[in-house]
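User: I'm new to reading protein structures, and I'd like to learn how to look at one feature at a time. Could you walk me through this one?

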Amino acid sequence: MNYRHEFHAGNFADCFKHALLVSLMNALRLKPAPFCVLDTHAGSGQYDLESEAARRTGEANAGIRRLLDSTDPVLAPYLDLVRAIGLYPGSPRFVQALLRSEDRLLCCDTLPEAAVSLRRLFRDDRRISVHQRSAWEAVTSLLPPKERRGLVLIDPPYEAPNEFAQLADGLQQGHRRFGHGVFAAWYPIKQLAAVRAFLDRMQTQPIRDIITVELTLREPLDPSRLNGCGLLVINPPYRFESEAGAIAAAVLRGLGVTGPGAGSNVIRITDE
Ligand SMILES: C[S@@+](CC[C@H](N)C(=O)[O-])C[C@H]1O[C@@H](n2cnc3c(N)ncnc32)[C@H](O)[C@@H]1O
């Protein structure tokens, strides 16, 4: 397993995920009580889009570099943060930017270089702790947070064939410990069968109030390509369902993607 996010930072999937992450964070900030965010697959925190890795794939050219031209107000909270932080922030940097003084962020990543980078980035921020440990262990050992409110972001690399099953298990374990928490899990859409099996499983287990937001660039016919992606959200905040739909549609418009199979939608998986 040698997934390196620097090859993919700022691609369409990152834009989709981070625009929705910013919306979830802003929803948490509406109430004064402190909250905690667990970022289970945090990555390195900040990516240089001029690095050799980023230039080799060029994925950000069809992602954030295109989206920065969008003037859609629904994307402004996300794009303003990207401009303020610099190209290109990882998920923990977006979270850090939106933490208040009593809120906390716990970052996990198994890759030693990612943990080193996160520690360097956040060494002066007492609200943030970095754990070089597996996400699947963290969803039990680090939950529930003492604040009893917050967000768990799960963003696996999907290198191993069993990662959808691992995600479903992780969501169930985490939810058992932190039933009121908001859980947001990113997943790739390469072919429909794997996604359908995952969503079917989520529909037939006892967790209530699950939605999923999806964006597809094209028909998912070629399983070797990232044809789209989704974010499954448990306990979506008030109004998130409609905001998420607007964000996903704005991302797609801003990327300039049209053609057969291009689209976005929000699907309710289990009732409130
Ligand atoms: C898609 S990247 C994360 C990107 C990051 N969330 C962002 O949005 O900027 C996935 C990360 O998961 C890490 N990883 C892989 N397996 C893991 C595990 N079992 N537990 C925690 N992190 C893991 C990888 O090292 C990689 O940094």
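User: Where is D209 placed?

Analyst: D209 sits in the loop between α9 (192-203) and β6 (210-216). Helices (H or I, at least four residues) and strands (E, at least two) are DSSP runs, numbered from the N terminus. This is a predicted model, in which local features need pLDDT of at least 70 and side-chain atom pairs count only at pLDDT 80 or more, while totals for chains, interfaces and linings use all residues. Residues are numbered from 1 along each chain as its sequence is written, and side-chain values use heavy atoms, with hydrogens and water left out.

User: Is D209 buried or exposed?

Analyst: Buried means under 20% relative accessible area, exposed over 50%, and partly exposed in between (1.4 Å probe, protein chains only). D209 has a relative accessible area of 14%, so it is buried.

User: What should I look for in the backbone?

Analyst: Most residues other than glycine have a negative phi, and most peptide bonds are trans. Here, D209 has a positive phi near 60 degrees. Y158 also has a positive phi, of about 55 degrees, although it is not a glycine. As for peptide bonds, the one from L87 to Y88 is cis, with omega near 0 degrees, and Y88 lies in the loop between α4 and α5. The bond from L143 to P144 is cis too, and P144 is in the loop between α7 (135-141) and β4.

User: How many aromatic pairs are there?

Analyst: Rings of Phe, Tyr and Trp (its six-membered ring) pair if their centres lie within 6.5 Å; planes under 30 degrees apart count as stacked, over 60 as edge-to-face and the rest as tilted. A search of the whole structure finds eight such pairs. One of them is Y78 with F94, a tilted pair at 5.7 Å centre to centre and 35 degrees between the planes. This pair links distant parts of the chain, since Y78 is in helix α4 (residues 76-85) and F94 in helix α5 (residues 91-98), 16 residues apart. Y78 is buried at 2% relative accessible area, and F94 is buried at 0%.

User: Why is the pair of Y158 and W186 called edge-to-face?

Analyst: Their ring centres are 5.9 Å apart and the planes stand at 65 degrees, so the pair is edge-to-face. Y158 lies in the loop between β4 (150-154) and α8 (163-177), and W186 in strand β5 (residues 182-189), so the pair ties together parts that are 28 residues apart in sequence. Y158 counts as buried at 13%, and W186 is buried at 9%. Y158, F164, W186, Y187 and F198 form one aromatic cluster.

User: Which residue lies over the face of W186?

Analyst: A charge sits over a ring if NZ of Lys or CZ of Arg is within 6 Å of the ring centre and within 35 degrees of the ring normal. K17 lies over the face of W186, at 5.9 Å from the ring centre.

User: What is the order of the strands in the sheet?

Analyst: Strands of a sheet pair through backbone hydrogen bonds, either parallel or antiparallel. Two strands count as paired if DSSP finds at least two bridges between them. The open sheet here has eight strands in the order β3-β2-β1-β4-β5-β7-β6-β8, with mixed pairing. Its edge strands are β3 (128-131) and β8 (263-270), each pairing on one side only. Strand β2 (residues 104-108) and β3 pair in the parallel sense over four bridges, and L105 stands opposite I128 in β3.
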